[in-house]
Amino acid sequence: MNTREAKEILFLYRGPIDDSDPQFRAALDYAKSDPKLGQWLREQTKCYDALRAKLRGTEPQPGLPDKIVRRRPIPFPRDWSRISQLAAAILISASVTALLMKWSDRRQRPVFAAQEILVTGEVLDMTCYIASNLSGPAHAYCAKVCIRNGEPAGIKTQDGKVYLLTGEPGQSINTKLADYAAQVVTIKGKKSVRDGLAQLQVEEIRKL
Amino acid sequence: MSADLEFGELVKLYYGDLYRFGLSLTGSEADAADLTQETFYIWANKGHQLQNPASVKAWLFTTLHREFLKGCRRQNRFSNESIDERMEDLPNVPAECAERADSRTLLRILGEIAEDFRAPLVLYYMEDLSYKEIADVLGLPLGTVQSRIARAKIQLLRRLSETNLPIEAK
């Protein structure tokens, strides 16, 4: 180690606070053997102390600590074990409730398994039929337009039973049914009933 | 000891150091007070997450510095320009030059040093923190911190000597 190297290392030396830092040890030993470097070190340490005293000499506003304490937010203690217990209780309770509701729903509203049937009757535009009791040849044009535009379609049998007509799940059958609007046809399909509403999933249409 | 009392004790213990750190970073008493308040506010909300009680001081300084940097970014006045000071040009500033400088001048000179370099330099001067602790507070590698302190110190001493006394020949 030479004087320049020792000086570069000791440039960051602050005094006793850095005495235990091994990076300064060799350079400090070297400074002991070099009076000129030792003098420089004393001067630079003194300079450090002076600047430190200046920077540390500034006092904050007198009321600052009180202001900080007053501004302190109201602590909200979070006991995570209790929170997780509560969350587990809510989850279990919700699951049990959901299961009970489902079971109750099944008991009250039985769903009949789909069965294949043949139905003969008039193809209806359900919107106009239910809301305004419109059907028959006089309403044929309106029914055709409504069904083509996506309004629900249905079929009314001769004994007055009405089925909602649908396609395969996710596939509309309206375009095909629109051609038979207000006409009497025979439809083969799968019947299913929920909450008293009958649905016929169309498989085949035959015009009489 | 109640939580209020603990909080009050903590404030008493560290508000001065935090305020001075804030003042050296911002150069403004109002900003320093705001930063100090904000730091304790964050402590009140998140301090319970700290697992090692011995590192409370470092946590507070880290938080204040982080808030300071956030403010710099918001005001778009963040400067990370490097200080191009060479170790070969170590200034030789007599102690009396530092003794003669008033605090206001010192703060002004500190304010002229880039933020990236100012924080390590301030911690180097003001706090009894080891270099490793300073690196931890600022979230920087030890070598980077030492290099920044050295370069910032050269700049500080050079500007200080320009303000007060001419630099003596090396």
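This is a predicted model: local features need pLDDT of at least 70, side-chain atom pairs count only at pLDDT 80 or more; totals for chains, interfaces and linings use all residues.
Me: How many aromatic pairs does the structure hold over all chains?
Reply: There are 9 of them.

Me: Why is the pair of A:Tyr48 and B:Tyr125 called stacked?
Reply: Their planes sit at 20°, and planes under 30 degrees apart count as stacked. The ring centres are 5.2 Å apart, and the limit for a pair is 6.5 Å. So the two tyrosines are a stacked pair.

Me: What makes this a pair that crosses between chains?
Reply: A:Tyr48 belongs to helix H3 (residues 35–56) of chain A, while B:Tyr125 belongs to helix H6 (residues 115–126) of chain B.

Me: How do you know whether A:Tyr48 is buried or exposed?
Reply: Buried means under 20% relative accessible area. A:Tyr48 has 3%, so it's buried. B:Tyr125 is buried too, with 1%.

Me: And what is the pair of B:Phe21 and B:Phe61 called, and why?
Reply: Their planes are at 40°. Stacked needs under 30 degrees and edge-to-face needs over 60, so this pair is tilted. It links distant parts of the chain: B:Phe21 is in helix H1 (residues 3–26) of chain B and B:Phe61 is in helix H3 (residues 56–74) of chain B, 40 residues apart.

Me: What makes B:Phe21 count as buried?
Reply: Its relative accessibility is 1%, and the cut-off is under 20%, so B:Phe21 counts as buried. B:Phe61, at 2%, also counts as buried.

Me: How do you know that the charged end of B:Lys153 sits over the ring of A:Phe11?
Reply: The distance to the ring centre is 4.5 Å, and the rule asks for within 6 Å, plus a position within 35 degrees of the ring normal. The charged end of B:Arg148 likewise sits over the ring of B:Phe117, 5.6 Å from its centre.

Me: Why is B:Asp128 with A:Arg52 called a salt bridge?
Reply: The closest N and O atoms are 2.8 Å apart, and the cut-off is within 4 Å, so the pair qualifies as a salt bridge. Across the interface of chain B and chain A, the rule finds 4 salt bridges.

How values were computed:
Residues are numbered from 1 along each chain as its sequence is written. Chains are lettered from A and ligands numbered from 1 in the order in which they are written. Side-chain values use heavy atoms; hydrogens and water are left out. Rings of Phe, Tyr and Trp (its six-membered ring) pair if their centres lie within 6.5 Å; planes under 30 degrees apart count as stacked, over 60 as edge-to-face and the rest as tilted. Helices (H or I, at least four residues) and strands (E, at least two) are DSSP runs, numbered from the N terminus. Buried means under 20% relative accessible area, exposed over 50%, partly exposed in between (1.4 Å probe, protein chains only). A salt bridge is a side-chain nitrogen of Lys or Arg within 4 Å of a carboxyl oxygen of Asp or Glu.
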